[in-house]
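Biologist: I am new to this model and would like a close look at a single part of it. Could you start there and then walk me outwards to the rest?

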Amino acid sequence: MHDDDGEDRIFIFLKAICFPIILAVASILLLRTNAKKQESSSSIPGNPRGKYPLLGDTIDLLNPNTMASYQVSSRHKHGPIWRTSVLFNKCIFVSGAEHLHQLSKQEQLHRNTTACFPPHHRALFGHHSVLVTSGEEHARLRSLINPVLQPSLYEEEIRMAVTSFVSRCKNEKDYFPLVDAFKQFTLSVALRIVLGEYRWQEWMKSDNNNTRLVALLDDFSIWSKGLLSPPTSFIPFTASYYAMKARKRIRNILLEVIEEEKEVLNSRDEGSCNRNQKKSLIERLLHATTNNAAANSSLTEEAIVDNIFTLVFAGTDTTASVLTSAFFELAKNDEVRERLQACVEKEELAENNNDAADEALRAFLSEVQRCYPAAPFTMRNIADTGANGIDLGDKYGRVPPGFNITYAIAGTLLDDKVSYPNPSKFDMDRWLKKKDSKPTQNWAFGGGCRTCPGRFLSVAESVALLRAVLSRKHGFQWTLRRDQDLNFSYTPGYFPKDGLMVKIETKCS
């Protein structure tokens with residue numbers, strides 16, 4: 001025992017001496033590396049904290065309460081473009097619709113940026129996910145995925161999920177958290193689309209498959225929590241550990257469904273396999289794979305699984321965030337609510353969808369996305385592709401490879417007074433088409449070659465749900481509970497801290 005105690009003391013002593021030395025050496029090396037980068041971007045104003053690459057502005061940017069306000073205050077201090085350090089690397093923030101437009105054009109032209117995700121996020125999404133891939137592989141995946149995400153392909157799934165949501169809300173007798181209801185709704189839409197409405201209904205009827213469906217819903221919830229937790233999947237009983245376990249279980253179920261669909265595809269005549277006749281996302285992705293002989297234009301089973309994880313993530317929290325903000329705004333803005341109800345009522349009286357109601361609902365949602373940005377920033381790393389970095393114009397110069405570059409989305413949407421006059425005012429009219437005027441740019445879904453591929457599907461879900469809820473025939477009204485915390489924070493998505501407690505009062509009629 002005495003020898004062990006002596007060895008422990010020696011180990012503790014060495015750790016106490018060596019660890020600070022190693023940290024100091026690493027800091028010096030990072031400072032020297034970043035000092036060279038600093039010279040290349042000396043014309044860009046910067047935050048003094050950006051000189052410290054181990055910290056910089058990381059805390060302010062990743063703090064759920066300051067993600068948006070950090071960008072607005074930095075714009076006021078430094079202008080639309082500024083430099084700092086984030087996540088152990090030098091970083092340039094770009095804000096303002098016109099600057100983002102120029103950055104987006106360069107990124108699409110040269111494809112000289114790479115995905116910027118930590119290793120545990122890459123493991124949770126999967127290495128074939130469109131979120132984490134870059135270059136030609138990223139472009140190839142998008143070319144296969146984008147065509148099967150058209151909203152018109154999934155109208156039945158969206159309609160059934162909306163009907164179920166409205167019915168469930170009307171059955172609530174007391175105050176309940178609307179955020180949870182929206183997350184359940186968006187997850188059910190995503191899984192109806194992935195599995196197909198027919199399979200969803202079959203699984204709901206069968207006891208064995210209903211258990212399978214419940215397990216799938218529960219595991220996606222566990223998996224998504226891992227995206228917010230520290231990278232500790234190697235430590236048992238942590239959120240990351242459980243998330244990776246949940247991912248394995250979800251993957252096994254999805255692979256079983258893929259095998260079932262492959263058998264169906266193989267049993268059909270090749271001439272009868274029409275993509276538009278398919279009912280599920282898995283079927284469409286498999287059809288794209290099996291009907292294309294070119295290996296470089298097909299999706300493997302693992303790629304299908306990885307991108308289902310990506311699409312479920314992108315289609316749940318982000319859409320639920322937009323819907324939460326929309327209902328919050330409607331609860332406190334009687335003028336806008338009455339205006340939208342009148343548009344929907346006019347549509348109901350005409351007994352057909354009209355462009356005016358659709359345009360008004362989309363304009364309202366665009367303004368919601370601007371005032372309550374669900375995804376406050378997106379970050380990339382500038383790759384060394386021969387394009388020699390990113391050119392930010394004569395005033396700011398060129399940003400060399402190795403830097404991170406960030407689309408400051410919240411700073412743009414909340415503070416760009418040129419593109420969004422009087423930005424503190426909720427004004428849906430800014431999105432309505434005007435004669436001889438340039439359309440307003442919406443950066444809520446990102447930009448460049450990494451714009452959210454499911455953005456049109458997200459908007460279609462939101463429009464369908466708003467149309468149903470605002471209907472005087474079938475919809476309902478809601479009131480906010482007074483004694484609740486309505487301060488929003490990022491979790492991810494942008495949600496009020498008490499979950500937006502509401503009570504269903506009456507039908508709109």
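Which residues of helix 11 are buried?

Modeller: Happy to! One caution before the answer: this is a predicted model, in which local features need pLDDT of at least 70 and side-chain atom pairs count only at pLDDT 80 or more, while totals for chains, interfaces and linings use all residues. Residues are numbered from 1 along each chain as its sequence is written, and side-chain values use heavy atoms, with hydrogens and water left out.

Now to helix 11. Its buried residues are S240, A243, A246, R247, I250, I253, L254, L255, V257, I258, E261 and L265. Here buried means under 20% relative accessible area, exposed means over 50%, and partly exposed lies in between, with a 1.4 Å probe and protein chains only. A helix is a DSSP run of H or I with at least four residues, a strand is a run of E with at least two, and both are numbered from the N terminus. As you read that list, remember that an α-helix has 3.6 residues a turn, so residues three or four places apart point the same way. Helix 11 covers residues 239-267, and because its 29 residues should span 42 Å at 1.5 Å a residue, the 42 Å between its end C-alpha atoms agrees. The expected span is 1.5 Å times one less than the number of residues.

Helix 15 is largely enclosed by the rest of the structure, because 12 of its 17 residues are buried. Among them are A357, L361, F364, S366 and Q369. The cover over the buried residues of helix 15 includes helix 13 (301-332), helix 14 (334-350), helix 16 (409-415) and helix 17 (455-469), where contact means heavy atoms within 4.5 Å.

Next come the open spaces. On a 1 Å grid over the protein atoms alone, a pocket is an open set of points with protein on both sides within 12 Å along at least five of seven lines, a cavity is a set where a 1.4 Å probe fits but cannot get out, and lining residues have an atom within 4 Å of a point. Points are joined across faces, edges and corners, and a volume is the space filled by probe spheres set on them.

The largest pocket holds about 1600 Å³ of space. Of its 46 lining residues, F117, H121, F313, F377 and P492 are the closest to the centre. Helix 13 supplies the largest share of this lining, six residues. Here the largest pocket's lining divides into 31 nonpolar, 11 polar and four charged residues.

Rings of Phe, Tyr and Trp (its six-membered ring) pair if their centres lie within 6.5 Å, and planes under 30 degrees apart count as stacked, over 60 as edge-to-face and the rest as tilted. The whole structure has 23 aromatic pairs. One of them joins Y70 and W82 edge-to-face, 6.3 Å centre to centre with 70° between the planes. Y70 sits in helix 3 (residues 67-78) and W82 in strand 1 (residues 81-86), 12 residues apart. Both Y70 and W82 are buried. F117 and F125 also pair edge-to-face, at 6.1 Å centre to centre and 70° between the planes. F117 counts as partly exposed because its relative accessibility is 27%, whereas F125, at 2%, counts as buried. Ring pairs link both into a cluster with F220, W223, F309 and F313.

The largest cavity has about 170 Å³ of space. Of its 14 lining residues, L149, L311, G315, L457 and E461 lie nearest the centre. Helix 13 again gives the largest share of a lining, here four residues. The second largest cavity, of about 50 Å³, is lined by T318, V322, Q369, Y372, P373, A374, A444 and F445.

Definitions and conventions: Nonpolar A, V, L, I, M, F, W, Y, C, P; charged D, E, K, R; others polar.
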